[in-house]
Amino acid sequence: MALLFAELGEAYLHLIATAVQEVQGPVEALLEVAAHPEARVAALSFNFWHKLAKALTSGWGPRDVGADSTSADASPSASHAVPPADVAAGEMARRRAFFTPAYERLVVLVRGRVR
């Protein structure tokens, strides 16, 4: 199940990054994957979190989100649905604020694993 959630998160990154209330469920599921006691399983979600952070801080064009993409991210259907690079600064701030609690929880989860 963890791999399924991680793959779905990456495949629908362009939708999740819009930070609408409907994406809260998948975000919570990926936090549960990151919280898994087995490090190998928890690590399945790290690529999603990295790509989401990149999208939230680097821009919204298809090349920005998929710069280090796998073949699933590079699909034409994923590229055309990514919001344009000229998203207003206020909208970018709203999206970052939406994900701040999730990233704070992720940091706590990962920090607990570092020895």
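Buried means under 20% relative accessible area, exposed means over 50%, and partly exposed lies in between (1.4 Å probe, protein chains only). This is a predicted model, in which local features need pLDDT of at least 70 and side-chain atom pairs count only at pLDDT 80 or more, while totals for chains, interfaces and linings use all residues. Residues are numbered from 1 along each chain as its sequence is written, and side-chain values use heavy atoms, with hydrogens and water left out.

**Whole chain**

Start with a cartoon of the protein chain, which has 8 helices and 0 strands. Helices (H or I, at least four residues) and strands (E, at least two) are DSSP runs, numbered from the N terminus. Colour by accessibility next: 37% of the 115 residues are buried. The accessible surface comes to about 6,500 Å², of which 63% belongs to carbon and sulfur atoms; these areas come from the Shrake-Rupley method with a 1.4 Å probe, and for residues only the protein chains shown count as cover.

**S45**

Select S45, in the loop between α4 and α5. S45 counts as buried because its relative accessibility is 0%. Show its contacts (heavy atoms within 4.5 Å): leaving out residues up to four places away in sequence, S45 touches A6, L30, V33 and A34.

**Helix α3**

Select residues 24-34, helix α3, where V27, A29, L30, L31, V33 and A34 are buried. The cover over these buried residues includes α1 (2-11), α2 (13-16), α4 (39-42), α5 (46-58) and α8 (89-111).

**Helix α8**

Move to α8, whose 23 residues reach 30 Å from first C-alpha to last, close to the 33 Å expected at 1.5 Å a residue. The expected span is 1.5 Å times one less than the number of residues. Centre on T100, where α8 bends by about 40°; a proline, P101, follows within four residues. The bend is the angle between axes fitted to the seven residues ending at a residue and the seven starting there. Then pick out the buried residues of α8, which are M92, R95, F98, F99, A102, Y103 and L106. They pack against α2, α3 and α5.

**The core**

Which residues have the most contacts inside the largest nonpolar core? Select V27, F48, W49, L52, F99 and Y103, in a core of 19 residues. Such a core is a set of buried Ala, Val, Leu, Ile, Met, Phe, Trp, Tyr and Cys residues joined through side-chain atoms within 4.5 Å. Two or more residues of this core come from each of α2, α3, α5 and α8, and α8 gives the largest share, 5 residues. Zoom in on W49: setting aside neighbours within four places in sequence, W49 is in contact with V27, L30, L31, A34, A102, Y103 and L106.

**Salt bridges**

The structure holds 6 salt bridges, each a side-chain nitrogen of Lys or Arg within 4 Å of a carboxyl oxygen of Asp or Glu. Select E10 and K51, whose side chains meet at 3.3 Å, N to O. E10 is in helix α1 and K51 in helix α5, 41 residues apart. E10 is buried at 10% relative accessible area, and K51 is buried at 2%.

Next select R105 with E28; their closest N and O atoms are 3.0 Å apart. R105 lies in α8 and E28 in α3, so this pair ties together parts 77 residues apart in sequence. Shared partners join E28, E32 and R105 into one network of salt bridges. R105 is partly exposed at 30% relative accessibility, E28 at 31% and E32 at 48%.

**A19**

Finish at A19, in the loop between α2 and α3. A19 is not a glycine, yet has a positive phi of about 60°. Most residues other than glycine have a negative phi. A19 counts as buried, at 3% relative accessibility.
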